[in-house]
Amino acid sequence: MCVSKQVSAWKQDLQGVLESKVHEFHMLEYHKTTKEDIWNCLTEKVWKGDPEKKLFEAVQDVLHLNANTYMSYLTMQSFKDTNLQESIKALFGE
């Protein structure tokens with residue numbers, strides 16, 4: 001019997017798969033990739049929130065995450081981080 005849960009409920013069960021994806025990205029020269037980076041990318045770019053999935057569907061999503069999607073996520077994060085830093089500098093006159 002396949003049970004559907006929100007993907008956040010599967011996070012602990014997906015740790016080994018996330019680690020495998022981190023290892024794959026390290027081999028692709030993305031050495032600073034972490035499991036949390038992968039998880040956040042999936043949440044924001046693939047799942048767009050916390051949808052219900054069966055465990056095998058969540059595993060499949062992790063395994064099919066490609067470098068282009070991950071790079072797109074990192075690019076958007078860098079824009080967000082840069083804007084935040086610029087806003088703080090502007091606010092405090094630095």
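**Entry 1: Tyr-30**

I began with Tyr-30, which is partly exposed in this predicted model, its relative accessible area being 24%. I located Tyr-30 in the loop between H1 and H2. When I set aside the neighbours within four places in sequence, I found Tyr-30 in contact with Phe-25, Ala-67 and Met-71. I also looked up the separation of Tyr-30 from Tyr-70: the two lie 40 residues apart in sequence, and their C-alpha atoms are 9.9 Å apart in space.

I then turned to backbone angles in the loops. Glu-29 is placed in the loop between H1 and H2, and I noted that its phi is near 80°, a positive value in a residue other than glycine. Glu-29 counts as exposed, because its relative accessibility is 57% and the cut-off for exposed is over 50%.

I found Lys-48 in the loop between H2 and strand S2 (52-54), and with a relative accessible area of 67% I recorded Lys-48 as exposed.

**Entry 2: Lys-21**

Is Lys-21 buried or exposed? I found that Lys-21, which belongs to helix H1 (residues 15-27), is buried, with a relative accessible area of 1%. I therefore looked up the partners of this buried lysine, beginning with its side chain, which makes a polar contact with the side chain of Glu-24 at 3.0 Å. The side chain of Lys-21 also reaches the backbone oxygen of Leu-63, at 2.9 Å. Apart from neighbours within four places in sequence, I listed Ile-38, Val-62, Leu-63, His-64 and Leu-65 as the residues in contact with Lys-21.

**Entry 3: H1 against H3**

How do the axes of H1 and H3 cross? I read a crossing angle of roughly 10°, with the axes coming within 9 Å of each other. H1 and H3 are therefore roughly parallel to each other, as angles under 35 degrees count in this way. On the H1 side I noted Val-17, Leu-18 and Lys-21 as the residues that make the contact, and on the H3 side Val-59, Val-62, Leu-63 and His-64. Sorted by class, the contact of H1 with H3 has 5 nonpolar residues, 1 polar residue and 1 charged residue.

**Entry 4: Cys-41**

I next looked at Cys-41, which sits in helix H2 (residues 35-46) and counts as buried, its relative accessibility being 0%. Leaving out neighbours within four places in sequence, I found Cys-41 in contact with Val-46, Leu-65, Thr-69, Tyr-70 and Tyr-73.

**Entry 5: confidence**

The protein chain averages a pLDDT of 89, and 84% of the residues score at least 70. Which elements have the lowest and the highest mean pLDDT? I found the lowest, 75, in helix H4 (residues 67-92), and the highest, 98, in helix H3 (residues 55-64).

Definitions and conventions. Residues numbered from 1 in each chain as written. Heavy atoms only, no water. Helix = DSSP H or I, 4+ residues; strand = E, 2+ residues; numbered from the N terminus. Buried < 20%, exposed > 50% of the residue type's maximum accessible area, 1.4 Å probe, protein only. Polar contact = N/O pair within 3.5 Å; in protein donor to acceptor, adjacent residues only side chain to side chain. Contact = heavy atoms within 4.5 Å. pLDDT = per-residue confidence, 0-100. Axes fitted to C-alpha atoms, helices over the stretch in contact; angles between N-to-C directions. Parallel < 35°, antiparallel > 145°, perpendicular 65-115°, else oblique. Nonpolar A, V, L, I, M, F, W, Y, C, P; charged D, E, K, R; others polar.
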